[in-house]
Structures are given as structure tokens and as C-alpha cells.
Amino acid sequence: MPDIPVGAQIFDLAFHADQPLVITGLLTGHVKAFSYDEQGNHEEKFAVRPSKRSCRTLAMSDDGARVWTGGKAKAIHTIDIGTGEVVETRAGAHDAPINRMRRLLPNLLASGDDDGVIKLWDPRKEDAVRKYTHHFDFISDFMWLDDKKQLVATSGDGTLSVMDVRSKKLEPVAQSEDQEDELLSLLPIKGGQKVVVGTQLGILSIFNRKSGWGDCVDRIPGHPQSIDALCAIPSRYPNAHSTFLTGSSDGILRAIQLFPTKLLGVVADHGEFPIERIAVDMGGEGRWVGSVGHEEVLKLTDLQEVFEDDGEEGSGAEDAVGGDSSDSDEQEEDGRKEDAGPMASTEAEKDDEERSEAGADEDKDSSEEDEREEERRKRKRKTEREPLQAGRRKKGRNEVEAEPAFFADL
């Protein structure tokens, strides 16, 4: 699909859950929505500017009717997707610019700012329902564990924290040790049993929930620069539980598989522009993956071209065609024999007998030649060993070599 120009640098994108609609947050503060189809056509649905300052993050509601925006203005705006208008504004939601937002439940929203403060919001209430201050640097990413109703956050202070949204305590239930690196992105794999964290140094850190959140259990290097974004692939593809997409500062969108670890390929290339965010449409189960960087375009890439191997189907078809052709050749040969009549069959039998006798004679001659060749090799090895043994006379255990003149004087 051709790139969608938006007119300014994109900070974040969000896809509608069940419609071909993508929403972008721009450096200029604009929020633009575009519809698209499989033929590569796109159309701008609406463009609104809730604030003159940059829009850094977006979060879509559960029903896809609203989108929440946050950014440098420290406010949270609610936009109606149907009308494209701002329906609510929470001014001063944070004391610092909002860097990341995520919808957790139908009536629960999380936001994190540049000072490491995390707030939980109920859209039906004006004030935040909870506030966490255990981080001291920017909040980079959120992850939701639905089985435990826990919110996982990564921060630029080098730690990962886990918060139970059902608890009224303002402290996390777990926080990792300092990883001595900025943690930038977060993604669950293996059915949520393991968690992948992208870092500033280009290392993928693996956390195991069964082993606890204190420290990572594995570190996988390989990316030349920071890993700013992680995204899961649709579940219909093979090994989807351990395969994901990484967006790096080198401008390359990669497909990575873990256990075993290998690079499956390059999905998209943004050139010299770092990749900020990546997402898959249709609630993560669609065909297109959107990636945005520091350029002024939204890049949509077809995942079918990356994960569906048409070569195997083609080779299988070729094999099937080859088998049919050989069978047809045998059938034509049998048909020619039947059409020739009894005389042709008698001559064919004679030719077969002659060929079998000639083949037997050739086999006999070849076997005799092999035997003679083996005998020559044995004789050659024997003659080669004999000169060495003749020149090297074994000396007895107590034998002494002496000249004959020595015994003549005795």
C-alpha cells in the first residue's frame, strides 16, 4: 500500500478495532483519521486540533466510538470518532507532559508522564482514581495482564513495575531491579507467561512471570540501536506466540522469533528515520501493520507478503504437475505397446531379454574388474610395506652391534 502523507511528524497511531480506520497524533497537535482499503486507496475522514502543542499518545475506547489523546499540553482530550469533534477536555491532568496512555478496561484508562507519574482514570469521573509515583523518569510503555488485572509499566529510570488495579495501595506489587538501561517498549509473549522489553542499547530483555519480576532471565542482543516499539503479530500465523515485530532507531521494522532466536526478515524500512510506534489493524488480527517514524508519512505494510510463503505452494504445484506428466508418459508408452499388436509385443520381449543378458554380462565383467583392481591394490600395499620392513632390521632385546675385528683380537 502507498504511504499515507499526513503533513507533519507522527508520534502515535491507533487502529479501529473492526473498521479500516487509522488515527494519528501529530507534532503540530493535530489528530487526523484516515480510512483505507486493500487496493491502497485512502481518504482523510477528519482532522482536529485539540491543542497547539504536540499530541504524543492515543488510546482507543473499547467500542471504537472515542479516542483519548495526550501530549505536551498535559491535558487529556476525548474525541468522538463519528463526528471528529472534541467532546471533553481534562486540563491539567498531569503536572508534566503525558508520554503514554492505554485503555485497560471499558471504564479504566492509564496515563504516564515525563516525571514517572502514573494515573488511573475512570472516564465517567473528573479526577484520577489512583496515582503512582514510584518511578522518577518518563513512562515509556504500558502492558495489561488481564488474568491478574495488573498493569505493567516500563520507565526511563531502568526499572519495570507491576501494579494491581484492584488494590487501593499506591505502591506497586512488584518492581524490578535497575537494569542499567532505559526500558522503552513492552510486549507479552508465550501466552503472557514471558515478557519482552526493548532497551536503549538494542537488547531484548526477557522476563519470566513464574520467576518473578525482580530481574530478567535472558538478554538477547542483535539490534544495532534502541528498540523503541514492539508489536505482536496476528495469531493465525505460525509461531505467533513467540514471533513479534520490533521498531528500531535505525529505521528498520524487523520480524523476530524467539525460542529459537532468529531474524525472520525485514518488514519495512523507514530509511534514516527512527521508528516511534507500530501497530496491527483490526484489533491486532488484521492484514496491515502501520509504522510511523520521524518522517511525515504513515507506512502501511502487508503482513501476508512477509509471513505467508507462496513458494512452498508453487513448488508443491510443480511437483504435482511433474508427477502427472510422468504418469501420462507411462500411459502413452503402454498405449503404444497395446496398439502395436502381438508381433510388437514379441519383439519387445526379445529386446528386453537381450538387454537383460547384456546387462548381466556387463555386471559380470564389472565385478571381475573390481576383483582384479582389489588384488592390484593389495599387492601394491604389500610391495610398499616390504622395502620399509627390509631396511629396518629388528634388534634383539640384549643384542649388541659390533665390528668383526673386535672378536679377532680376543
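# Pockets, cavities and salt bridges

Guide: The second largest pocket holds about 230 Å³ of space. A pocket here is an open set of points on a 1 Å grid over the protein atoms alone, with protein on both sides within 12 Å along at least five of seven lines. Volume is the space filled by probe spheres set on the points, which are joined across faces, edges and corners.

Visitor: Before we go on, what kind of model is this?

Guide: This is a predicted model: local features need pLDDT of at least 70, side-chain atom pairs count only at pLDDT 80 or more, and totals for chains, interfaces and linings use all residues. Residues are numbered from 1 along each chain as its sequence is written, and side-chain values use heavy atoms, with hydrogens and water left out.

Visitor: Okay. Which residues line the second largest pocket?

Guide: Among them are Phe-11, Arg-56, Asn-99, Glu-182, Asp-228 and Arg-277. A lining residue has an atom within 4 Å of a point.

Visitor: How do they divide into nonpolar, polar and charged?

Guide: Three are nonpolar, three polar and five charged. Asp, Glu, Lys and Arg count as charged; Ala, Val, Leu, Ile, Met, Phe, Trp, Tyr, Cys and Pro as nonpolar; the others, Gly among them, as polar.

Visitor: And the largest pocket, what volume does it have?

Guide: About 1300 Å³. Its lining has 46 residues, with Arg-102, Cys-231, Ala-279, Val-280 and Gly-284 nearest the centre.

Visitor: Which element gives the most to that lining?

Guide: E18 does, with six residues. That is strand E18 (183-189); E2, E10 and E26 are among the other elements giving two or more. Strands (E, at least two residues) are DSSP runs, numbered from the N terminus.

Visitor: What about classes in the largest pocket?

Guide: The lining divides into 26 nonpolar, ten polar and ten charged residues.

Visitor: Switching topic. How many cavities of 30 Å³ or more are there?

Guide: Two. A cavity is a set of points where a 1.4 Å probe fits but cannot get out.

Visitor: What lines the largest cavity?

Guide: Fourteen residues line the largest cavity, and Ser-51, Arg-53, Ser-54, Cys-55 and His-77 lie nearest its centre. Strand E7 (residues 66-71) gives the most, with three residues.

Visitor: And the second largest cavity, what lines it?

Guide: Trp-68, Ile-76, Arg-90, Leu-109, Trp-121 and Pro-123. By class, five are nonpolar, none polar and one charged.

Visitor: Now charges. How many salt bridges?

Guide: The structure holds 14. A salt bridge needs a side-chain nitrogen of Lys or Arg within 4 Å of a carboxyl oxygen of Asp or Glu.

Visitor: What does Arg-100 meet in a salt bridge?

Guide: Arg-100 meets Asp-12, at 3.5 Å from N to O. Arg-100 lies in strand E10 and Asp-12 in strand E2, so the pair ties together parts that are 88 residues apart in sequence.

Visitor: Are Arg-100 and Asp-12 buried or exposed?

Guide: Both are buried. Buried means under 20% relative accessible area, exposed over 50%, partly exposed in between (1.4 Å probe, protein chains only).

Visitor: What about Arg-287, which partner does it meet?

Guide: Arg-287 meets Asp-302 in a salt bridge, 2.7 Å from N to O. Arg-287 sits in the loop between strands E26 and E27, and Asp-302 in strand E28, 15 residues apart. Arg-287 has 22% relative accessibility, so Arg-287 counts as partly exposed. Asp-302 is at 7% and therefore counts as buried.

Visitor: Which residues do shared partners join into one network?

Guide: Asp-12, Arg-100, Asp-141 and Arg-277.

Technical notes: Helices (H or I, at least four residues) and strands (E, at least two) are DSSP runs, numbered from the N terminus.
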